[in-house]
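Welcome! Here is a short tour of a protein structure, taken one topic at a time. Have a look at the picture, then read on.

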Amino acid sequence: MPAGGQGNLFETEPFPKAAHRELGNTQMRKNLRHATHTIRDKRLKVVGELPDWEALRDAGSTIKNNSMATLEERLLEFEKNFTARGGVVHWARDADEANKIVTELVKATGSQEVVKVKSMATQEIGLNEHLEAEGIDAFETDLAELIVQLGHDKPSHILVPAIHKNRTEVRDIFLSQMPVVDPNLTDEPAKLAEAARAHLRKKFLAAKVAISGANFALADTGTLGVVESEGNGRMCLTLPETLITVMGIEKVLPHWEDVEVFMQLLPRSSTGERMNPYTSLWTGVTEDDGPQNVHIVLLDNGRTRALADRFGRSALNCIRCSACMNVCPVYERTGGHAYGSTYPGPIGAILSPLLTGIEVEENGSLPYASSLCGACYEACPVKINIPEILVHLRGDDVDAKREKHKLPTQMDLLMKGGSWALGKGKNIGLLEKALPLGRLAAGKDKKIKKLPGIAAGWTQSRDIPAPPNKSFRDWWSDEKESM
Amino acid sequence: MRIALFATCIVDAMYPETAKSTVKILERLGHEVIFPKAQACCGQMHMNSGYMPEALPVVENHVRAFDTDEYDVAVAPSGSCVASVKHQHPYLAQRLGKPELKDRAKAVGARTYELSQLLVDVLGITNAAAQLGSYFPETITYHPSCHGMRSLGLGDRQLDLLKTVGGITVNELPEADQCCGFGGTFSIKNADVSSAMLDDKVKNICSTGASACSGGDASCLMHIGGGLSRTGAKPKTLHLADILASTMEETVTL
Ligand code: SF4
């Protein structure tokens, strides 16, 4: 098995515990509900406009499956073409290697500051923290990332990292954290954007080095692409002298033409827009125009490990649109912090364990953080069957724990017993003879209000009706077969 | 037609009336219903909890019970169990390296239908009052369970049938397509999140003024009913099959 990923991919506490805490934060729940429902409705509207949406999803999924099946070849092709155009390719096995490569590249420029284009990959490897430890300041330029950075907070959504904050909270962060800011700043979105713009403009003009992620890499041309809403990314991609991109190896697409499919799928799925305002594509170095030192760090960090899982590998098809989290009822109520990883929501619940290994203690509770309602699968533009992978990973989790445990848990015993009881019609029939006992336990109002052991969670907010006197099976024998 | 009833474990043990209703409807249409007694459960609980080796005997048992020539199609009054038979059984067989079981499971899945699917797609029922004599003089609302709606793609089949029941008023449920929070052992393992989801479902149901919430999955209805009961709310839950089986002569009471 290839090595697992590192960095900001691990839960530090079990999901149910983190979820319990987050559920108590009513302001966050209100903000989240409002934001996710707004994006949901917008997405449905613009998706509905395309008569060939299902065909596009199929195309996206097929292109991705094909590039994953020929990943090595695609990456080598990309390397060749990117290098031919004056770019430099670096390969990083894990977070440590990637962080070291980037740090050395930045140090070689003599600069102690970098501006950043919003990127999940650098988040995943904890690049900002690493740079800080090396005496290099990294400034996030995406508005939402900036809010999170200034607020000393953690992102809680992959597209809208500050989704858990409302505008009043944002104003308070700006007032207390920006070095120069109008003390009468209101929470009007336009005013807030203006304050951020003034703050960032200075950074753009001074920066010598920019660090970005990439939404895709095109193997046949050696091109990289970033899709964004604010244009701040484009500033970073064009003004500095040095541009370093950190990209997960799964982002490579075979052909230039593939962009057509993903540029229809991505904006509609992520922000509910027909098209995002800024799409930047760059192919190596262009003399006298834009950055003259162009690097890419191709990051594995557990991706080849995920690729080795035949049921789980399609999680690598993810284009990070965030549609799955916007429709997820669990995410809606707990927010992104409960998932303890750079990748929250349904995709996070499968991606983190796939990248780092389900047998790692911290990840065991993630695949259970879903009612398997399937809303994520329905929304996913590249048709990742998230519920199926969740169930598959639960199987891996139980298998891994089975090997470690000496004493069986209550759940183990329940499942073993259930396996016997439900493994034969005769056995369930025998057990059903005890139904009148349950009826007795329910008492006069015909409700069971308290269950023991692990089942106690159920009766925390739900009654169980008194069982019937007779099972259907017995009724059938008595009424139908005796005829 | 000879129709095999897959009663599902929850219906068999907790809601025998729903299975009886299913039999009534099909017999009323002139079909013969058989009950393969070797059946027990689809194994969904085991698989969704990650206990794959433990699920194997359950899945094998189901395939054995239904892999016969004694019937034309099988039916279950539960979308999630049908989805499990169709999708999860072949997955489990593949995971545990049992290609022969996979083929048989697929064949069983291919002729297993959820109740509304069978009624609408196979038996051509479009008007419950006219074709089934269904009569239920109450105001209800309807919750489409996730597995039926998404894994099986039932669309509006259940709702359309309910709307054509004699005497019925169907009030639309706000946020109907939102999960009720059951999810099998999810409701135990993540009881807090599940309760928060259930809370919203209960509020939405109460807001419709209906005296009952109907649906096609006994387990979701048990979950929703449990929440309604705990909060002391007035509406009850009632399975789609029970409403369709209700007639002018023999009206089901809430
Ligand atoms: S899993 Fe699908 S829906 Fe979720 S972020 Fe990835 S591409 Fe988007």
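## Around the ligand

The ligand is surrounded by 13 residues, the closest being Cys318(A), Cys321(A), Ser322(A), Cys324(A) and Cys380(A); here a residue is near a molecule if one of its heavy atoms lies within 4 Å of it. Sorted by type, this shell holds 11 nonpolar residues, one polar and one charged. In this sorting Ala, Val, Leu, Ile, Met, Phe, Trp, Tyr, Cys and Pro count as nonpolar, Asp, Glu, Lys and Arg as charged, and the others, Gly among them, as polar.

## How to read the model

Keep in mind that this is a predicted model, in which local features need pLDDT of at least 70 and side-chain atom pairs count only at pLDDT 80 or more, while totals for chains, interfaces and linings use all residues. Residues are numbered from 1 along each chain as its sequence is written, chains are lettered from A and ligands numbered from 1 in the order in which they are written, and side-chain values use heavy atoms, leaving out hydrogens and water.

## The nonpolar cores

The largest nonpolar core has 141 residues, and Phe15(A), Phe174(A), Leu224(A) and Ile350(A) touch the most other members. A second, separate core of 38 residues includes Leu26(B), Leu132(B), Ile140(B) and Ala245(B). Such a core is a set of buried Ala, Val, Leu, Ile, Met, Phe, Trp, Tyr and Cys residues joined through side-chain atoms within 4.5 Å. Buried means under 20% relative accessible area, exposed over 50%, and partly exposed in between (1.4 Å probe, protein chains only).

## Where the chains meet

Which chains come together here?

Arg95(B) pairs in a salt bridge with Asp396(A), their closest N and O atoms lying 2.8 Å apart.

## Salt bridges elsewhere

Over all chains, the whole structure has 44 salt bridges. One joins Glu22(A) and Arg21(A) at 3.5 Å, N to O. Glu22(A) counts as buried because its relative accessibility is 9%, whereas Arg21(A), at 43%, counts as partly exposed.

Methods:
A salt bridge is a side-chain nitrogen of Lys or Arg within 4 Å of a carboxyl oxygen of Asp or Glu.
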